[in-house]
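I opened this notebook to record what I looked up in one structure. The entries follow the order in which I worked.

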Amino acid sequence: MVLLKVEDLSVSFRTFSGLARVVENVEFELGEGESLSIVGESGSGKTTVLRAILGLLPPNAVPRGSILFEGRDILTMSEDEKTRIRGSMITYIPQEPLVALNPFFTIREHFVDRLLFGSKPKIGFREYLEYRKKADEVVEQALKYMRLTRVPDPETVLDYYPMQLSGGMLQRVLIALALVSEPKLLLADEPTTALDVITQLEILELLRKLQEDLGLSIIYVTHDLGVAKAVSDRVIVMYGGHMVEMGGTEDVLLNPMHPYTQGLVEAIPKLVGGEPKGIEGSLPDYLDPPPGCRFHPRCPKAMDICREKRPPGFRVNDRIVYCWLYGDRHE
Amino acid sequence: MRFRDYAIRRALQIPFTLFFLSILIFYVTRVMPGDPVRLYLGLEATEKQVQMYRKLFGLDKPLYLQYIDYWKNLFLHGKLGLSLYTSRDVAKDIADYLPATLELVITAMIFSIIVGVVLGVVSAMYRNKWVDHLLRVAAIAGVSMPRFWVGILLQLAISYYLGILPISGRMSTNIMVHRITGFLLIDTLIQGNFHAFIDVSEHMILPVLALSFSPIAQIMRLVRASLLEEMEKPYTSTLRALGFPRNLVYYKYMLRNALVVAVTIIGLLFGFFIYGAFAIEMVFGWPGIGWYAVKVGLAKDFNAIVAVVMLIGLIYTVTNYIVDISYAYLDPRIRLKMEVK
């Protein structure tokens with residue numbers, strides 16, 4: 001069953017120097033229990049897509065299109081509805097675990113508030129005091145999820161301040177904090193980038209297992225093809241705010257079709273063989289993006305049509321590639 | 001290092017600071033141009049009289065002996081030396097004048113913290129809306145206007161033209177209050193004299209307002225700025241992304257952090273209030289330590305000057321100490337780091 005359907009999503013930002021057209025025409029579907037990675041270099045718009053799904057775009061953002069979660073459009077929801085959905089159905093693991101929680105409050109405080117008030121858009125002072133009496137009751141739920149994410153000795157950790165925990169441990173705590181509301185969709189923004197390699201593997205394994213056990217749908221945003229390969233069924237490759245390729249993760253990585261994806265895969269350092277190759281040039285200027293395909297100034301296989309017309313998504317087997325190499329050039 | 005050790009070690013610095021301050025101010029008052037004794041005795045005094053009084057004040061001794069005598073006097077007899085201005089012991093003067101200032105300053109401080117924090121929160125919540133713009137313009141006016149001038153404006157508008165509140169003084173002349181603590185608001189309440197309580201409160205309103213205007217603006221701006229800074233922090237977006245109620249994030253998670261920052265300035269403001277009280281007390285004829293300081297300063301009343309400066313030094317160092325300690329206590333990052341080491 002389709003849980004999330006993103007249709008023709010575009011996000012622009014009003015800036016002092018004009019309108020920055022960052023994300024354009026992103027479209028994909030996510031089924032229940034499915035995992036998807038959005039891969040791209042820094043500034044390719046992947047986090048913007050994620051924040052649009054969370055309904056947390058900055059005030060200067062202008063989104064268009066639609067993001068249907070269980071049939072309801074997040075972009076047209078009121079603030080209150082979005083808060084309610086974030087507190088229950090859609091949840092999020094941040095990028096930098098070390099700064100992701102308020103340093104002045106214990107882990108317990110964060111869990112209790114999330115469990116008691118997680119899906120309320122607003123809370124009155126009296127209501128707050130009244131509910132806080134139930135704090136001890138909900139701690140069990142917190143402990144249950146901390147055990148699930150394999151936080152060692154959760155009873156002690158509960159009374160720690162964030163700064164007393166290591167990055168890996170905090171990430172486990174944060175995953176528990178995200179899952180404690182029993183959500184359907186988990187959005188993970190570079191969940192392992194700030195961690196060392198060993199911890200990274202442990203966290204990814206944990207996420208993979210949780211996904212299977214709880215039937216979660218997960219969207220990972222990452223710049224690391226290795227992470228995408230380890231955790232997701234499908235992958236979307238983004239460049240300059242456009243989707244360039246979408247398909248099964250293994251398939252895309254073993255047999256990349258879009259010249260950008262090919263460049264990315266070639267840039268991975270290998271154990272055997274010489275120096276990895278990079279892609280010449282840098283990301284487009286969003287205030288004045290190149291016409292046609294946004295990758296054409298850097299593309300080794302660019303053709304005339306690439307400079308004029310944007311390539312639509314061409315279906316090749318189970319894959320969608322946004323490149324004229326695979327389409328009818330005269331269309 | 002444990003938190004308690006830190007508190008004690010930091011406390012030990014206070015006597016040192018005050019010791020150096022005492023040497024400095026003692027020296028300065030003794031080398032000031034002008035002869036305090038001649039100023040005190042007037043033009044007609046004979047040389048013999050001058051010598052006699054010089055001896056009486058101990059001014060004929062070498063400086064270091066005068067200094068030692070000063071401390072002996074303080075520790076053995078609890079005396080701060082004779083005042084040239086009031087002709088009695090300075091300690092008595094201070095006991096008389098200090099409560100008036102403390103009453104004014106503490107009231108003004110409580111008032112400006114409450115109003116400043118509330119306005120800062122309002123300003124941050126409605127940032128870049130008209131409420132915020134209005135408050136920020138008012139805040140600039142608040143920090144720019146000298147407080148004695150604000151005091152005069154208030155006297156002119158509210159007391160002179162409108163005639164609502166008394167123009168100066170601490171209470172009306174027809175009212176008698178038996179002094180117990182020296183804090184008239186408390187004394188009148190203890191004695192159940194509500195008529196006097198109202199009268200004293202009325203006299204306080206204008207000086208408190210004049211004194212609080214600029215601190216309110218400063219606290220407001222600081223709270224606003226640190227709240228906006230908290231908004232940009234990653235934890236705010238995490239909490240929002242996890243569906244925490246908006247006002248819970250604002251008033252619990254963000255405000256707590258912002259207030260810890262504000263504690264620093266609030267502590268410093270206390271010293272600032274005392275010094276601000278100098279001008280306000282002159283304008284409003286408030287018989288406090290600031291008023292006293294101006295009078296004794298003009299009279300070159302060296303014993304009183306030393307005492308007033310030391311007193312203000314003491315208040316400054318102690319409030320700074322409290323700020324440091326509470327800052328370390330309120331921020332778990334500092335507190336825990338201490339316990340780890």
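The entries below cover conventions, a sheet, a helix pair and a pocket.

**Conventions.** I noted that this is a predicted model, in which local features need pLDDT of at least 70, side-chain atom pairs count only at pLDDT 80 or more, and totals for chains, interfaces and linings use all residues. Residues are numbered from 1 along each chain as its sequence is written, chains are lettered from A and ligands numbered from 1 in the order in which they are written, and side-chain values use heavy atoms, with hydrogens and water left out.

**Sheet.** I looked up the strand order in chain A and found an open sheet of 8 strands, S6-S7-S8-S3-S9-S10-S12-S11, with mixed pairing. Strands (E, at least two residues) and helices (H or I, at least four residues) are DSSP runs, numbered from the N terminus; two strands pair if DSSP finds at least two bridges between them. At the edges I found S6 (90-93) and S11 (314-316) of chain A, each of which pairs on one side only. The twist averages 20° from one strand to the next; angles run from 0 to 180 degrees between N-to-C directions, and axes are lines fitted to C-alpha atoms, for helices over the stretch in contact.

I then examined S9 (234-239) and S10 (242-248) of chain A, which pair in the antiparallel sense over 6 bridges. A:Val235 has A:Gly247 in S10(A) as its bridge partner. Helix H7 (167-179) of chain A packs on the sheet and touches S6 and S7 (185-189) of chain A, where contact means heavy atoms within 4.5 Å.

**Helix pair.** At what angle do H5 (90-125) of chain B and H11(B) pack? I recorded about 145°, with the axes 9 Å apart. The residues of this contact divide into 19 nonpolar, 2 polar and 1 charged. Here Ala, Val, Leu, Ile, Met, Phe, Trp, Tyr, Cys and Pro count as nonpolar, Asp, Glu, Lys and Arg as charged, and the others, Gly among them, as polar.

**Pocket.** I asked which residues lie nearest the centre of the largest pocket. They are A:Leu57, A:Pro58, A:Pro59, B:Arg127 and B:Met231, among 35 lining residues. On a 1 Å grid over the protein atoms alone, a pocket is an open set of points where a 1.4 Å probe fits, with protein on both sides within 12 Å along at least five of seven lines; lining residues have an atom within 4 Å of a point. H10(B) gives the most to this lining, with 5 residues. By class, I noted 18 nonpolar, 6 polar and 11 charged residues in the lining.
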